[in-house]
Amino acid sequence: MSVVARQGFKYSIIGYIGFLLGTISAIFIFPYNFEFYGKLRYILPTAEMLVPVVVLGISYSNVKFFHRVEKDGKQQNMLSLSLLAIFINFIVFMGVFFILPYFFPKFIHTEAWKLKEMILPLILILSFCAIFNKYTSNYKRIVVSNIFDNLFPKIANLGAFCLFAYFLLPQEIAFGFFFGMFALILFGYIYYTNKLEKIELDFNTDYFKKDNFWKEFFNYSFFGFLGTFGNYLAINNFMIGEFMGMEEVGIYSVLYALISLISIPQLGLFNISAPIINKTLIEGDMEELDRFHKKTSLSLYFLGAVLFSCIMVGFPYLTELMPKNGTMLREYEPVVWIWGSAVLIDLATGFNGNIISLSKYYRFNILIMLLLAGLTVGLNYYFIKNTDLKLIGIALSTAISLTTYNVIKIAFNYFVFKVSPLTIEMIFVSIICTLAITVAIVLPNFNNNFINLLYKPSVVLILIYIGNYFTRVFPLEDYLNAKFIKSIFKFK
C-alpha cells in the first residue's frame with residue numbers, strides 16, 4: 001500500500017472517529033448544561049474566526065512554495081520566517097485589540113473582551129498550529145495533523161465540560177484543561193515537525209529579498225487570506241454569543257452536530273475528486289467533467305436526503321431521550337428543518353467550488369466567499385435586531401446566504417465551463433423522501449420513545465428503498481452487495 005493510500009485511509013478513520021465523538025457528546029452529554037457548553041463553543045470559534053487575521057494566508061504559501069525553497073535548501077528559512085511573521089502579526093493584533101475600547105467604549109462589554117484571557121492566547125497557539133499543519137502536509141503526512149485538528153479539540157471540549165458540569169470543579173480549572181489541550185497540540189506539532197526534519201531556526205532574509213521573492217510570497221498569502229472569510233459557522237457562534245447569550249450558543253452547537261450528520265457523505269469528497277477535476281480541466285474535457293459532476297452530486301444528494309429524512313422523523317423522540325434540556329431543543333425543531341434543507345442544497349451542488357478553485361478563475365471563489373461572509377453577518381444582524389425568531393432567524397440567515405452562495409457557483413460553472421450538478425433524478429429523490437417523511441409522521445406512535453426512534457426512521461428507509469426500486473433514480477444495487485463492501489477494505 002502506498003504512503004498516500006495509507007495516509008488517506010488513516011485520515012478518514014480519524015475523521016469519522018472525531019465526528020462520532022463530537023456528535024455523540026453533543027447529543028447525550030452537552031445538553032446537561034447549555035450555558036457552559038456555549039462558552040466553550042464561543043471561545044474556540046471566535047479564536048478560529050480571528051486566526052486568519054494573524055496568519056494572513058502565510059500557511060498556504062508554506063505549501064505553494066515549499067518545493068521551490070526545498071530545492072535551494074531554504075525550507076527551514078521559510079518556516080522560521082513564517083513563525084516570526086505570525087508572532088509579529090499577533091503583537092500588532094494585540095495592540096489593536098486593546099486600543100479598541102478607547103474608540104469603541106462598548107467593546108469592553110462584549111463577550112470577546114470578557115473572555116480575552118482565553119481567546120487571545122488561543123489565537124496565537126492556533127496561528128502557530130496553522131503554519132505547522134500546512135508545512136507538515138508537504139511531507140504527505142496528514143494523519144497526525146488530523147488527530148491534532150480533529151480529535152484533540154473534541155477531547156478538550158468534552159474534558160472541560162465534564163470537569164465543570166459532572167465533577168463540579170471550578171470553571172477556571174475546566175478552562176485550564178481546555179487551554180492546556182491546545183497548548184499540547186502546539187507542542188505535538190513542534191515535536192512531530194522536528195521528527196520529519198530537524199527544525200533549525202534561520203531568520204536570515206537574504207533569500208526572500210532575492211528577485212523580490214517576498215512579493216510573490218506575500219501576494220499569494222494575501223489571496224489565501226481573503227479566501228478564509230467564508231466560515232459562516234464561526235460567524236454564527238460569535239454573533240449568537242454576543243447578541244443572544246451562551247445558552248443559545250450551546251443549543252445552536254448541539255443542533256449543528258445533528259445537522260452535520262447530513263454531511264457525512266461529503267467527508268473526503270475533495271481529496272477524492274480533486275485529481276479527476278484537475279485532469280479534466282487540464283485536458284479541457286468538459287463533457288466528462290459534467291458527467292462526473294452530475295453523478296457525484298446525485299450520490300451526495302440522495303445519501304444526504306436519506307439521512308435528513310431519518311433525522312426529521314426521529315428528532316422529536318431523540319430529544320425525549322436526552323438526559324436534560326431536551327425540551328429546549330424540541331422548541332427549535334424548525335431550525336433543523338430550515339438549516340437541514342440548506343445543507344441538502346449544498347450537497348446537491350457537489351464540488352462546485354472545487355471546480356472554480358482548481359481553475360484559472362480561483363479568484364472568483366474568493367469573491368463569493370467574501371459575499372457569503374458579508375451576507376451571513378448582515379442577515380444575522382437583521383434577524384437578531386428586527387425579529388423575535390432567535391435561532392430560527394439564524395437558521396434562515398444561514399439558509400439564505402448558503403443557498404445564494406451555491407446558486408452563484410452553479411450559474412458561474414454553467415456559463416464558464418458548461419457543467420452543472422443538477423439532474424431530473426434529484427426531483428424524484430425529493431418527492432420520494434417527502435412522501436416517506438409524510439407517511440412516517442402520520443403513522444401512529446408507540447408509548448416508548450426509544451421504539452419510536454427506531455421505528456419511524458426504519459419506515460422512512462423502507463419507503464425510500466421501495467420508491468427507489470421502482471424509479472431507479474439511484475443505483476443502490478451497486479453499493480448494497482458483498483463485492484462493494486469487500487472493496488472498501490482494499491487499498492490498491
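Leaving aside neighbours within four places in sequence, which residues is Thr280 in contact with? The first view answers this, after two notes on the model. This is a predicted model, in which local features need pLDDT of at least 70, side-chain atom pairs count only at pLDDT 80 or more, and totals for chains, interfaces and linings use all residues. Residues are numbered from 1 along each chain as its sequence is written, and side-chain values use heavy atoms, with hydrogens and water left out.

**View 1. Thr280 and its contacts.** Thr280 is in contact with Asp285, Met286, Glu288 and Leu289, leaving aside its neighbours within four places in sequence; contact means heavy atoms within 4.5 Å. The residue belongs to helix α14 (residues 269–283). Helices (H or I, at least four residues) and strands (E, at least two) are DSSP runs, numbered from the N terminus. Thr280 counts as buried because its relative accessibility is 6%. The terms are set by relative accessible area: buried is under 20%, exposed is over 50%, and partly exposed is in between (1.4 Å probe, protein chains only). Thr280 and Tyr455 are 175 residues apart along the chain, and their C-alpha atoms are separated by 45 Å.

**View 2. Asp290 in helix α15.** Is Asp290 buried or exposed? Asp290 counts as buried, because its relative accessibility is 18%. Its side chain takes part in a polar contact of 2.9 Å with the side chain of Lys294. A polar contact is a pair of N or O atoms within 3.5 Å; within protein, one must be able to donate a hydrogen and the other to accept it, and residues adjacent in sequence count only if both atoms are side-chain atoms. The side chain of Asp290 also reaches the backbone nitrogen of Ser420, at 2.9 Å. Not counting residues up to four places away in sequence, Asp290 touches Lys418, Val419 and Ser420.

**View 3. Helix α22, residues 449–471.** This helix has 23 residues and reaches 33 Å from its first C-alpha to its last, close to the 33 Å expected at 1.5 Å a residue. The expected span is 1.5 Å times one less than the number of residues. At the start of α22, a side-chain oxygen of Asn448 comes to within 2.8 Å of the backbone nitrogen of Phe450. The buried residues of α22 are Asn452, Lys456, Pro457, Val459, Val460, Ile464, Gly467 and Asn468. An α-helix has 3.6 residues a turn, so residues three or four places apart point the same way. Among the elements covering the buried residues of α22 are α15 (286–321) and α21 (424–442). After α22 comes Arg472, with a positive phi near 55°.

**View 4. Ile368 in helix α19 (residues 362–386).** Ile368 is buried because its relative accessible area is 3%. Not counting residues up to four places away in sequence, Ile368 touches Tyr405, Ile408 and Lys409. Ile368 and Tyr405 are 37 residues apart in sequence, and 6.7 Å apart in space from C-alpha to C-alpha.

**View 5. The second largest pocket, with a volume of about 420 Å³.** On a 1 Å grid over the protein atoms alone, a pocket is an open set of points where a 1.4 Å probe fits, with protein on both sides within 12 Å along at least five of seven lines; lining residues have an atom within 4 Å of a point. Of the 16 lining residues, Ile58, Leu81, Ala85, Trp214 and Phe217 are the closest to the centre of this pocket. Two or more lining residues come from each of α5 (75–103), α10 (206–209) and α11 (213–226). The largest share, seven residues, comes from α5. By class, the lining has 11 nonpolar, four polar and one charged residues. Ala, Val, Leu, Ile, Met, Phe, Trp, Tyr, Cys and Pro count as nonpolar, Asp, Glu, Lys and Arg as charged, and the others, Gly among them, as polar. The volume is the space filled by probe spheres set on the points, which are joined across faces, edges and corners.

**View 6. Ser61 in helix α3 (residues 58–64).** Ser61 is buried because its relative accessible area is 0%. Leaving aside neighbours within four places in sequence, Ser61 is in contact with Phe66, Met78, Phe217, Tyr220 and Ser221.

**View 7. Leu56 and Leu168, in loops.** Leu56 is found in the loop between α2 (34–55) and α3, and its phi is positive, about 55°, although Leu56 is not a glycine. Leu56 is partly exposed, with a relative accessible area of 31%. Leu168 lies in the loop between α8 (143–166) and α9 (171–196), and has a positive phi near 60°. At 69% relative accessibility, Leu168 counts as exposed.
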